[in-house]
Amino acid sequence: MQKADTILFSRWIVTVNAQREVLENHALVIDQQKIKAILPADEVRQQFEAGEEFNLGDSVLMPGLVNTHGHAAMTMFRGMADDLPLMTWLNDHMWPAEGKWVSEQFVADGTRIAIGEMIRCGTTTFSDNYFFPEQAALEAKKAGIRAQLNFPIMDFPTAWAQNPDEYIKKGLALREQFANDDQVHVVFGPHAPYTVSDEPLKKIAQLAKEHNILIQMHVHETQVEVDESIEKYGKRPIRRLYDLGLLGPHMQCVHMTALNDEDIQLIAETGSHVMHCPESNLKLASGFCPVHKLQEQGINVSLGTDGTASNNDLDMFGEMRTAAQLAKAVAMNAEALPAGEALAMATINGAKALGLDNQIGSLEVGKLADIIAVDLSDLESQPIFSPVSHLVYATTRNQVTDVWVGGKQLMTNRELTTLSKAELISTAQAWQSKIIAARS
């Protein structure tokens, strides 16, 4: 008998591999943080013995979800400024609130709360754009979740840095600190074309190419942004970024509404990635990302929740469903973004955008054991003709029962193992009281 750390038995395994295989009555074997075997359950029983075995019944095992865009610490502002257009929400509410409250402790607490929520929603890797990314790195390490941290860069001062050079210097120092870390990756996070001028963007483009560093940026979030860019620079934001040398396989463009054919062509030609945040875009009335058109051009599109201040949750199952339905309406085509591809956007496409698709994003032998179990045994999931369809169109985050990252269990039967739910709730309520008290 071969030895292993853990064996997972379940009704289905949705692999999201290149063949999009869905296996029934199989088992998955974990050893030394990686997937060692995926075989029929009877074969696993004959060949392996493990320190732990989980019999998950009528559950789906699937890759952990990859949330490719968010602002974790902004969980503290959930529901604080709803039902407003983007620039009003940003200029009149979010930036003033951040100016008053953002600190190392705020980011540490807010990120920890967000990580707890994400794990309970089945997310095993997240990408985060926020201040004090060093605090987010520490919280991710402690919780056991994977993170891409996009250190902020803007023309104007904030609580974290005073000017673009200081943002870049501090961010690169943090990247060096985590250079050999397999859990936390630090990359460039220039905020948006309208908050970063040409010279810092040129510097970012040069450094990114010299040192093979990824870049994530809000781009084409609204038609207003596009119109203002044409007025100020004589060109659309995507063209400006292309001319400055930022586009390429290292570039992660977030939101991407208000696109024309030339914009899409530039993204396709350069191999840049698109991070689609459908629910945030809908809530802020920012516009519609033409997902079907992008995919027809071979562009890699992943999913993100954005922050809870504009969404208002970190539920990637909700994003999958919204993305699939919205893509059909925007394309006027019921075949646009079928369930399997929506699931890919939340897993392997996200891993590809973050440069991690050889390690995570699908369940395959040799990859890291980032896995979630989703319970399909209850009434609301019956009958089951297609588990993939159910995952996208009929599943909620509360059906995620168990979560593993690198073979380490971060949630068992809905209970967090590396975080205290009671402590997270208490911390959130303490901040709520503090913020309310300051308003009165």
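A residue counts as buried under 20% relative accessible area, exposed over 50% and partly exposed in between (1.4 Å probe, protein chains only). This is a predicted model, where local features need pLDDT of at least 70, side-chain atom pairs count only at pLDDT 80 or more, and totals for chains, interfaces and linings use all residues. Residues are numbered from 1 along each chain as its sequence is written, and side-chain values use heavy atoms, with hydrogens and water left out.

Start at Gln252. Gln252 is buried, at 0% relative accessible area. Gln252 sits in strand β11 (residues 251-255); strands are DSSP runs of E, at least two residues, and helices are runs of H or I, at least four, numbered from the N terminus. A polar atom of the Gln252 side chain lies 3.0 Å from the backbone oxygen of Ala353.

Now the domains. The assignment, automatic or from a database, gives domain 1 (2-63 + 364-416) and domain 2 (65-354). Their C-alpha centres lie 29 Å apart. In contact (heavy atoms within 4.5 Å) are 28 residues of domain 1 and 31 residues of domain 2.

About 2,400 Å² is buried between the two domains, 63% of it from carbon and sulfur atoms. Buried area is the accessible area (1.4 Å probe) that two parts lose on being put together, summed over both. Val392, Tyr393 and Arg397 supply 29% of what domain 1 buries against domain 2, more than any other three residues.

Three salt bridges are counted between the domains; each needs a side-chain nitrogen of Lys or Arg within 4 Å of a carboxyl oxygen of Asp or Glu. Asp370 forms a salt bridge with Arg146, with the closest N and O atoms 2.6 Å apart.

Terms used:
A polar contact is a pair of N or O atoms within 3.5 Å; within protein, one must be able to donate a hydrogen and the other to accept it, and residues adjacent in sequence count only if both atoms are side-chain atoms.
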